Amino acid sequence: ITNPRPWVDQDLQDSTETTEKEDEVDSSEEHCQQVPFSTQRYSEETMLKRSKDFYMLMNQRRTVRFFSTEPVPLEVIDNVIHTAGTAPSGAHTEPWVFVVVSDADLKHQVRLIIEEEEELNYRQRMGDKWVQDLSKLKTNWIKDYLDDAPYLILVFKQTYGILSNNKKKTHYYNEISVSISCGILLAALQNVGLVTVTSTPLNCGPRLRLLLKRPVNEKLLMLLPVGYPAPDATVPDLARKPLDRIVVHL
Ligand code: IYR
């Protein structure tokens, strides 16, 4: 039978996420005071300039699959992840964990798992139409970047949390919350001149979770190799939709 949603990991197609027993409210988290808030105000002129400048910075972002092995300071990576952790989340559950792998042996073990599964993905699981749709990107299951990039950031979503009384804590909207944090992470990387590819290694989650010794409530959402682009890196010659095709003013 053909899988109607081949992009969803097999381990997520069971019903574990919807049938998990609901928790009770943790009394330690019931109350939260309101505190005064104000934000930086800019003149309209400054707003216009800042909005254009930020657009120009972000419009230079490209998905890059060819990495330099040149090292990158770990503190920069930590700051970028700290920034990603400013994302909003359902009921402020902050359901993200960012695993940073820099050890060469461990990166290579990640590579072996991903290449083994991706070969199956491309040859069997994805199907002809999907493989055809990707042909312009010239991607395949051989992922040199998993050895070359100085860091692999594996982003896990906590599908639920563990309360102090050992009960499960509901992580509302955990997938979209962690996805938003990944968007902020991409912007933070662009801000410091680093590149990545937003990879979603299909069906690798369970093996990578075990390799990295992460608990069962954490599911791999995204894997981001991070570094400088290789000196001879290339990207597909793609254009973005113009504003009038992505905005509707009513
Ligand atoms: N995960 C595979 C396939 C892939 C899927 C999509 I959708 C892309 O935009 C690019 C690749 C891979 O990483 O090769």
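## Asn203 and its loop

Asn203 sits in the loop that links H7 to helix H8 (205-211). In this predicted model, its phi is positive, about 65°, even though Asn203 is not a glycine. Is Asn203 buried or exposed? Asn203 is buried, because 20 other C-beta atoms lie within 10 Å, and 20 is the count at which a residue is called buried.

His92 counts as exposed because 11 other C-beta atoms are found within 10 Å, and the limit for exposed is 12 or fewer.

## The chain as a whole

Stepping back, the protein chain contains nine helices and five strands. Their order along the sequence is α-α-α-β-α-α-α-β-β-β-α-α-β-α. The C-alpha trace spans about 55 × 50 × 45 Å along its principal axes.

Of the 250 residues in the protein chain, 24% are buried. Among contacts with a separation of 6 or more, 83% join residues 24 or more positions apart.

## The three-stranded sheet

Which strands form the open sheet, and in what order? The order is E1-E2-E5, three strands with antiparallel pairing. E1 and E5 are the edge strands: each has a single partner strand, so one side of each has no neighbour in the sheet. On average, neighbouring strands here are turned by 20° against each other, direction ignored.

You can follow the pairing strand by strand. E1 and E2 run antiparallel over six bridges, and within that pair Val100 has Ile153 in E2 as its bridge partner. A helix joins the picture too: H7 packs on the sheet and touches E1, E2 and E5, with its direction at about 155° to that of E2. E2 and E5 are also antiparallel, over eight bridges, and here Leu154 stands opposite Leu223 in E5. Although E5 stands at an edge of the sheet, E5 is mostly covered, with nine of its nine residues buried.

## Phe98 on strand E1

Phe98 belongs to strand E1. Why does Phe98 count as buried? It does so because 21 other C-beta atoms lie within 10 Å, and the threshold for buried is 20 or more.

Leaving aside residues up to four places away in sequence, Phe98 touches Ile81, Ala84, Ile153 and Val155. Another pairing to look at is Phe98 with Phe156: 58 residues separate them in sequence, yet their C-alpha atoms are 6.3 Å apart in space.

In soluble globular proteins, nonpolar side chains tend to be buried together. In this model, the largest nonpolar core has 35 residues, and Leu152, Ile153, Leu154, Val155 and Val226 have the most contacts inside it. Several elements give two or more residues to this core: helix H3 (74-84), strand E1 (96-101), helix H4 (104-125), helix H6 (145-148), strand E2 (151-158), helix H7 (174-191) and strand E5 (218-226).

Not counting residues up to four places away in sequence, its contacts are Val101, Lys107, Val110, Leu146, Leu223 and Pro225.

## Around the ligand

Which residues surround the ligand? They are Glu118, Leu134, Leu137, Thr139, Ser199, Thr200 and Leu202. Sorted by class, this shell has three nonpolar, three polar and one charged residues.

Notes: Residues numbered from 1 in each chain as written. Predicted model: local features only at pLDDT ≥ 70, side-chain atom pairs only at ≥ 80, totals over all residues. Core = buried A, V, L, I, M, F, W, Y, C linked by C-beta atoms within 7 Å. Helix = DSSP H or I, 4+ residues; strand = E, 2+ residues; numbered from the N terminus. Contact = placed C-beta atoms within 7 Å. Near = placed C-beta within 6 Å. Nonpolar A, V, L, I, M, F, W, Y, C, P; charged D, E, K, R; others polar. Pairing = 2+ DSSP bridges. Axes fitted to C-alpha atoms, helices over the stretch in contact; angles between N-to-C directions.
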